[in-house]
Amino acid sequence: VDEVGVFSMEEVGMKEVANPSEMFLGNNENSAGSVIIATLEGSRPLLVEVQALTVSTQLPVPRRVGNGINNNRLQMLVAIIQKHLRLPLGQFDIFVNVASGLKVFEPAADLGICLAIVSSFKNKPLAGKTVAIGEVGLLGEIRNVIGLDRRIKEAKKLGFMHVLSSKSYSHLTKAASDLF
């Protein structure tokens, strides 16, 4: 049916979770390295928190560790950030985690992952009530994603005022310079 149901186990049995996005959002949305993204599970938009940590490395080859995201995609996004934002990430270990144990493998999470890494590196949080939605191409362009309007509608319903997407920025360099 292309639909996802979310339930919680209560003493009286299973109960439907009316708004699963609230379950997956952390309380650290104004922390450096934390970005809220809008993903689709089936046809249902969910807002989840992506966290990134960048720390200087003692290893000859820095680690790139992703929990809940594809590691190859993480490697590619780090390379895009290094190339287009000219950040010296080659001397840093980078850890990225999707909070609440969710797995997000769609390209619409790219912008949020990139912004979380940059936010951690610069130790500057995004403005409160901000959500990021967009695929990032190899050239650094922010690409449109399927179901963008549904994702934006869900974000606004939950009180997010700032939506970062291909509608607001065409390139990662412009987004990063405006936000950080």
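Reader: Which elements do the buried residues of helix 5 pack against?

Author: This is a predicted model. In it, the buried residues of helix 5 pack against helix 2, helix 3, strand 8 (135–136) and strand 9 (142–143).

Reader: Which residues of helix 5 are buried?

Author: Leu172, Ala175 and Ala176 are buried in helix 5. Now the general idea. An α-helix has 3.6 residues a turn, so residues three or four places apart point the same way. Here is the case. Down the axis of helix 5, the buried residues fall within an arc of 95 degrees, so they line one face of the helix.

Reader: Let me turn to helix 2. How many residues does helix 2 have, and how far does helix 2 reach?

Author: Helix 2 has 15 residues. From its first C-alpha to its last, helix 2 reaches 21 Å. That is close to the 21 Å expected at 1.5 Å a residue.

Reader: Which residues of helix 2 are buried?

Author: They are Leu74, Leu77, Val78, Ile80, Ile81 and Leu85. Viewed down the axis of helix 2, these buried residues fall within an arc of 160 degrees, so they line one face. The face turned away from that buried side carries the exposed residues Asn72 and Lys83.

Reader: What do the buried residues of helix 2 pack against?

Author: Strand 5 (64–67), strand 6, helix 3, strand 8 and helix 5.

Reader: And the ends of helix 2? Which side chain reaches the backbone at the start?

Author: Asn70. A side-chain oxygen of Asn70 comes to within 2.7 Å of the backbone nitrogen of Asn72. At the other end, helix 2 is followed by Arg86.

Reader: What is the phi of Arg86, and where does Arg86 sit?

Author: Phi of Arg86 is near 55 degrees, a positive value in a residue other than glycine. Arg86 sits in the loop between helix 2 and strand 6. Is the residue buried or exposed? At 71% relative accessibility, Arg86 counts as exposed.

Reader: What is the phi of Asn123, and where is Asn123 found?

Author: Phi of Asn123 is also positive, near 55 degrees, and Asn123 is not a glycine either. Asn123 is found in the loop between helix 3 and strand 7 (130–132). With 60% relative accessibility, Asn123 counts as exposed.

Reader: What does Ile117 touch?

Author: Leave out residues up to four places away in sequence. Ile117 then touches Ala52, Thr54, Leu74, Val78, Ile81, Leu89, Ile94 and Val96.

Reader: Which residues is Thr54 in contact with, beyond its neighbours within four places in sequence?

Author: Phe92, Asp93, Ile94, Ile117, Ser120 and Phe121.

Reader: How do I read Phe92 and Phe121 as a pair? What is the geometry?

Author: For an aromatic pair, read two values: the distance between ring centres and the angle between planes. Planes over 60 degrees apart count as edge-to-face. Phe92 and Phe121 are 5.1 Å centre to centre, with 80 degrees between the planes, so the pair is edge-to-face. The count comes to one aromatic pair.

Reader: Which parts does the pair tie together?

Author: Phe92 lies in strand 6 and Phe121 in helix 3, so the pair ties together parts that are 29 residues apart in sequence. Buried means under 20% relative accessible area. At 18%, Phe92 counts as buried. Phe121, at 23%, is partly exposed.

Reader: Now the whole protein. How many helices and strands are there?

Author: Five helices and 10 strands. Buried residues make up 48% of the 180 residues. Take contacts between residues at least 6 apart in sequence: 72% join residues at least 24 apart.

Technical notes:
Residues numbered from 1 in each chain as written. Predicted model: local features only at pLDDT ≥ 70, side-chain atom pairs only at ≥ 80, totals over all residues. Heavy atoms only, no water. Contact = heavy atoms within 4.5 Å. Helix = DSSP H or I, 4+ residues; strand = E, 2+ residues; numbered from the N terminus. Expected span 1.5 Å × (residues − 1). Buried < 20%, exposed > 50% of the residue type's maximum accessible area, 1.4 Å probe, protein only. Arc of directions from axis to C-beta. Polar contact = N/O pair within 3.5 Å; in protein donor to acceptor, adjacent residues only side chain to side chain. Phe/Tyr/Trp six-rings, centres within 6.5 Å; stacked < 30°, edge-to-face > 60°.
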